[in-house]
Amino acid sequence: MRKRILVINGPNLGRLGKREPEIYGSTTLQELEERLIEYGNSKDTDVICFQSNHEGRIIDRLEKAVDEEVSGCILNAAALTHTSVALLDAVKSCNIPTVELHISNIHKREEFRKKSITAPACVASISGMGLHGYEYALDFLIKQS
Ligand code: DQA
């Protein structure tokens, strides 16, 4: 059976490619998602992509993923990483192996970005590998499932 992996991008990542390109690069979210879907296909895996600026919608999407029997999730919760207890609880309750991902190295930036509220619910974290991090996370989750 084909594996299924969910990629969630949180607030402001819809503006990838235009938003602070010196930090996040010039690739758009659409280009990133197309690349991940293609990469997944080459590994017999369906990659489902979702972006929202809204905490509740991200939690709804995670809950739906439980019914879809998704085998793993890549979560770039963006700023919600540093603030959202609701998202921490959602990741815990869904029980889907989740890799926390940050394009930038959150430990080399402002103090408030160094703390991740959601990381304790995740199986691994990737930070500072740019967009390549998504492919590394996919590889990891595919091997795990
Ligand atoms: C980010 C890092 C967060 O601190 C920030 O709020 C983002 C993006 C990253 O991918 O590097 O929006 O998650």
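Tutor: Ser 104 has a polar side-chain atom 2.6 Å from an oxygen atom of the ligand; a polar contact is a pair of N or O atoms within 3.5 Å. This is a predicted model, where local features need pLDDT of at least 70, side-chain atom pairs count only at pLDDT 80 or more, and totals for chains, interfaces and linings use all residues. Residues are numbered from 1 along each chain as its sequence is written, and side-chain values use heavy atoms, leaving out hydrogens and water.

Student: How far is the side chain of Arg 19 from an oxygen atom of the ligand?

Tutor: An N or O atom of that Arg 19 side chain is 2.9 Å from a ligand oxygen atom.

Student: And what about the backbone of Ala 79?

Tutor: One of the backbone N or O atoms of Ala 79 is 3.2 Å from an oxygen atom of the ligand.

Student: Which residues are around the ligand?

Tutor: Among them are Tyr 24, Asn 76, His 82, His 102 and Arg 113, where near means a heavy atom within 4 Å.

Student: How does the shell around the ligand divide?

Tutor: Into five nonpolar, four polar and two charged residues. Ala, Val, Leu, Ile, Met, Phe, Trp, Tyr, Cys and Pro count as nonpolar, Asp, Glu, Lys and Arg as charged, and the others as polar.

Note on methods:
Polar contact = N/O pair within 3.5 Å; in protein donor to acceptor, adjacent residues only side chain to side chain.
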